[in-house]
Amino acid sequence: MKGLLGIEAQVLIEGREWTRQQLERRLQAEADKIGAICPQSGLVLKYVQLREFSLMTTVGTVTVRAAYGYSTHMQRWVCPAREEWDLAPHERVSPQLQARLCYTATQTGSYQKAALLAAYWGTPVSDDLVHSQVQRVGLEADQQVVPAASTGEPKNEAPFSLAIMLDGWMARERGPQWAAPSDCQDAQRVAWHEVKSGVIYRLDHRAQTASGRGVLTQKTVVACPPGTDVVEFGATVQKEALRCGMARAQEVFVVVDGAVWLWSLIEDRFSGATQTLDFYHASERLWELAHYLHPNDAQDARCFVEPLLHQLRHGESSRVITRLEEILPKPSLHDDSADPQLQRQIQYFLNHRDHLDYQAVAERGAPIGSGAVESQCSQFQDRFKRTGQFWTRPGLSNLLALHVMAQNKTFAYLWN
């Protein structure tokens, strides 16, 4: 390389090597200072030897010579320097490099791309190494306890309200017969499972771009791997909502679609919140009903549904419910001879009659749609639902835990 490009590249290489040497010297000095003292008892180790070990770091590989001996207190062989630096047994990757690789893996489409990006910023690694670090750290992330926010009311805190949105998306896992031979018919090689997710944010953290598109300046993301039951997911969402200040909020708004498990969760964990059925899903169900009642006449279907949608959006949900109840005679609502599909469509709105006050909710500045969580689910799927991705449960769970911490800006706690 010639010119400015070449000069800059050469200086970067020289600076990187200088930094590597400085790091190696400081680590060696620290290892010498720690010596051969048991990290728990403070007693001198027995059968002490000096052993070299290497660490891959963000600036290259460093080699350290440290004491290694037997601790009668811990009843095992230990290297006090490695214990002091919180290095796992046989760990060969520094915490800083580990953090960079794991974060890069959450932001790229594959472990291979993460490895390519690492090589571009100066640390050539294999995708296998990236994968192994994600699995190791992901296990810790799943158990990581982020320090709780203050339980008292912060000084001079402005009044605020909280919005909670919940939904699920499907992940593609390897089925029970993933490795079945190609000639095996009806083999279940792929299994789809739901990832329960949520978004929590304060209403005053909403903003708009220059083009008018809504954005959230701050939010907290929740996602639990497949197999998580509703009770556990609800507890996780509630914990994060409390961390976001739910106990101090003037009002809490919960917006979800019509999934039965979501409403069961809300009644269990957020019964005192203002509960809203996502307006888009409500309008979808009204259109389904309209097309069912007028299967061969699109104009009649439109004439039926448009007044109802207007009433629904502008504070007249009771008129919508009354109109729907009129479609079936009241005695027929529980009559086995009634049209079951029509009855199901109408019963959907009867069940949600208390969740349709869209105008009042909008007037209080709260959302009537679950667009934030729909967007978040799309972001998750952009990483976890790419062409050719078929996850194992641990592989999905560990990367998902890291991805959530990266989204919530709590990633650094894993190495704190």
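Modeller: A crossover is called right-handed if, with the strands pointing away from the viewer, the path from the first strand over the helix to the second runs clockwise. The structure discussed here is a predicted model.

Colleague: What handedness does the β-α-β unit of β9, helix α7 and β10 have?

Modeller: The strands β9 and β10 pair in the parallel sense. Helix α7, residues 260-269, belongs to the unit together with β9 and β10. By the clockwise criterion, the β-α-β unit they make is right-handed.

Colleague: How many bridges pair β9 with β10, and which residue of β10 does V254 face?

Modeller: Two strands count as paired if at least two bridges are found between them. For β9 and β10, which are parallel, the number is four bridges. Within this pairing, the residue of β10 that stands opposite V254 is Q275.

Colleague: Are the residues T274, Q275, T276 and L277 of strand β10 buried or exposed?

Modeller: Strand β10 covers residues 274-277. T274 and T276 point one way from the strand, whereas Q275 and L277 point the other way. Whichever way they point, all of these residues are buried.

Colleague: In what sense do β1 and β2 run, and how many residues lie between them?

Modeller: Strand β2, residues 60-71, is joined to β1 by ten bridges. In this pairing T57 stands opposite G60 of β2. The two strands run antiparallel, and the number of residues between them in the hairpin is two.

Colleague: Where is H90 found, and what is its phi?

Modeller: H90 is found in the loop between α2 (80-84) and α3 (95-107). With a relative accessible area of 68%, H90 is exposed, because the cut-off for that class is over 50%. Although H90 is not a glycine, its phi is positive, at about 65°.

Colleague: How many salt bridges does a search of the whole structure find?

Modeller: A pair counts when a side-chain nitrogen of Lys or Arg is within 4 Å of a carboxyl oxygen of Asp or Glu. With this criterion, the number of salt bridges found in the whole structure is 16.

Colleague: What separation do the closest N and O atoms of R248 and E157 have?

Modeller: R248 and E157 form a salt bridge at 2.9 Å between these atoms. The pair links distant parts of the chain, with R248 in the loop between α6 (230-243) and β9 (252-256) and E157 in the loop between α5 (127-143) and β4, 91 residues apart. R248 is partly exposed at 25% relative accessible area, while E157 is buried at 19%.

Colleague: How many residues apart in sequence are R353 and E325?

Modeller: The salt bridge between R353 and E325 has its closest N and O atoms 3.2 Å apart. R353 lies in the loop between α11 (340-351) and α12 (358-363) and E325 in helix α10 (residues 317-327), so the bridge ties together parts whose separation in sequence is 28 residues.

Colleague: How many disulfides does the structure hold?

Modeller: A disulfide requires two cysteine sulfur atoms within 2.5 Å. C102, buried at 0% relative accessibility, has its nearest cysteine sulfur, that of C224, 20 Å away. For C377, the closest cysteine sulfur is also in C224, at 12 Å, which is too far for a bond. The number of disulfides in the structure is zero.

Colleague: Which residues form a nonpolar patch on the surface?

Modeller: One member, W178, lies in the loop between β4 (162-174) and β5 (190-202). W178 counts as partly exposed at 33% relative accessibility, and membership of a patch requires over 30%. Together the members have about 340 Å² of accessible area, and they are M170, W178, V190 and W192.

Methods:
Residues numbered from 1 in each chain as written. Predicted model: local features only at pLDDT ≥ 70, side-chain atom pairs only at ≥ 80, totals over all residues. Heavy atoms only, no water. Patch = residues over 30% accessible without salt bridge, like charges linked within 9 Å, V, L, I, M, F, W, Y side chains within 5 Å. Areas by Shrake-Rupley, 256 points an atom, 1.4 Å probe, with all protein chains shown as cover. Buried < 20%, exposed > 50% of the residue type's maximum accessible area, 1.4 Å probe, protein only.
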